[in-house]
Amino acid sequence: MDHSAKTTQNRVLSVKMWPPSKSTRLMLVERMTKNITTPSIFSRKYGLLTVEEAEQDAKRIEDLAFATANKHFQNEPDGDGTSAVQVYAKESSKLMLEVIKRGPQEESEVEVSKDGDIFFDISGGSRAFIDEEEARELLRPLARPHNSFTKIRFSNRSFGSEAAKFAASVLSSIKDQLTEVDLSDFVAGRPEAEALEVMNMFSSALEGSKLRYLNLSDNALGEKGIRAFASLIKSQNDLEELYLMNDGISEDAARAVRELLPSTGKIRVLQFHNNMTGDEGAIAIAEIVRQCPSLEDFRCSSTRIGSEGGVALAEALEHCSHLKKLDLRDNMFGVEGGVALAKTVSVLSHLTEIYMSYLNLEDEGTEALSEALLKSAPSLEVLELAGNDITVKSAGNLAACIASKQSLSKLNLSENELKDEGTILIAKAVEGHDQLVEVDLSTNMIRRAGARALAQTVVKKNTFKLLNINGNFISEEGIDEVNDMFKDSLDKLVPLDDNDPEGEDFEDEDEEEEGEEDNELESKLGGLKIKQEEE
């Protein structure tokens, strides 16, 4: 072999296969993108990715495969790179198959409403912590120039500081086009210091936006959290809906909300459910409510408010003449609060939904409320007064009120003490209600006569969907009778498996005597007319 041949051979042997050129790496990305977007047996099973999503995945796969292969090559410095190329190809193939089997990602959704608003939502799926890389991937559509998103929902994703920095930069660039922002449950599980830092970043990014809707619920805000959002809240003059539910809104936090809200004249929906507001906090909220002449939907349920706060809220609500939905459930208003509420509802003629369960109204508060409603809220559709210690004493007034509400679709009087007498009055009250859908008189010490009367009344209605009289004192014969009435529509009757035929007040009575007494009671009450106010 001559010298030139030896030189050529040495030159060939000295060529290394690693690292690949930039053009080779780009070619691999293009090839993987094509493979990922080509219909196959896997795409029929898992779904086919879009070209845009496939390109992003292909770039990520190539980066990971290159890093793995390069590390392998560095551990074999005397090799020619052949084994590294094999690792590169094998890793790329493995990761590409994982992406194909994963299918299209559904972490963000885009919807277009009838009015043309474009809604961006990342709340689907399981709650998750996200880092900066994931935030960049999730928020990619928002980061595109000239996008048209007007509504965003970031709930169910917990943002860390680095993820929040990127998100804030995106939000800052589109804040002028946003009308609705949902940041509920977006710092879950984060340490307080980090959570407050994230809130501050989002608040600053959105400051000056002109929002109609703002939801900051489920963030355990407290006063510190409310003030972390100060710059955002103080800049909102056009808010129509504000949600601060399950946020640890204490007395001080409620005062902070009152202090920061610059304008309440346009607010239609205001919700404070599940907080620890108490009476003093309720007084601060009442001051906000008093300045909301456009309010249509007010919720302040499960907020530990007693009589003093209840009276303050009731008096403030008198100024909300457009109110349609009122939810004050699960507080401690008592009789005094109930009487104050009665005065309020007497002037709220547009009410369609009233939720006043578990307020300790008792008979006195219930009678006052019933008499007030008899003269107002002609279009009432929902009435809930569960768990208020209502007895037969106030059943007459309550029944008269119910009889006057021909639009009533849902009635909940559960966990009271209406017994048979009160139940039969209620049954008569709803006889002519053609739109009635649901009735709940569970746990009311009802026996056979009351159960039979109510069942006979509602089972005939074409619109009716659900009767709940479980948890009462209905005898086995009574249960059989009711089940027989609903034999052709058992889905409309809550199972009667939690009744106690030996319930209090009659546990020593004979079954035959019970039947006779029930028939006599039903006969006496059957011709009873419910007194109503003359128009």
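The accessible surface of this protein comes to about 25,600 Å², and carbon and sulfur atoms account for 47% of that. Keep in mind that we're looking at a predicted model. There are 535 residues here, and 51% of them count as buried. As for secondary structure, the protein has 21 helices and 16 strands.

Now for a closer look at strand 4. This strand runs over residues 149–153 and is mostly covered, with 4 of its 5 residues buried. Strand 4 pairs in the parallel sense with strand 2, and also in the parallel sense with strand 6. Here are the two pairings:

| Partner of strand 4 | Residues of partner | Sense | Bridges |
|---|---|---|---|
| Strand 2 | residues 118–121 | parallel | 4 bridges |
| Strand 6 | residues 180–182 | parallel | 3 bridges |

Towards strand 6, Lys-151 is bridged to Glu-180.

On to the packing. In soluble globular proteins, nonpolar side chains tend to sit buried together. In this model the largest nonpolar core has 130 residues, and the members touching the most others are Phe-154, Phe-159, Phe-202 and Phe-298. What does Phe-202 touch, leaving aside residues up to four places away in sequence? Its contacts are Phe-154, Phe-159, Ala-164, Ala-167, Leu-171, Leu-183, Phe-186 and Phe-229. Apart from that core lies another of 19 residues, including Val-29, Ile-36, Leu-49 and Ala-58.

Terms used:
Residues numbered from 1 in each chain as written. Predicted model: local features only at pLDDT ≥ 70, side-chain atom pairs only at ≥ 80, totals over all residues. Heavy atoms only, no water. Helix = DSSP H or I, 4+ residues; strand = E, 2+ residues; numbered from the N terminus. Buried < 20%, exposed > 50% of the residue type's maximum accessible area, 1.4 Å probe, protein only. Areas by Shrake-Rupley, 256 points an atom, 1.4 Å probe, with all protein chains shown as cover. Pairing = 2+ DSSP bridges. Core = buried A, V, L, I, M, F, W, Y, C linked by side-chain atoms within 4.5 Å. Contact = heavy atoms within 4.5 Å.
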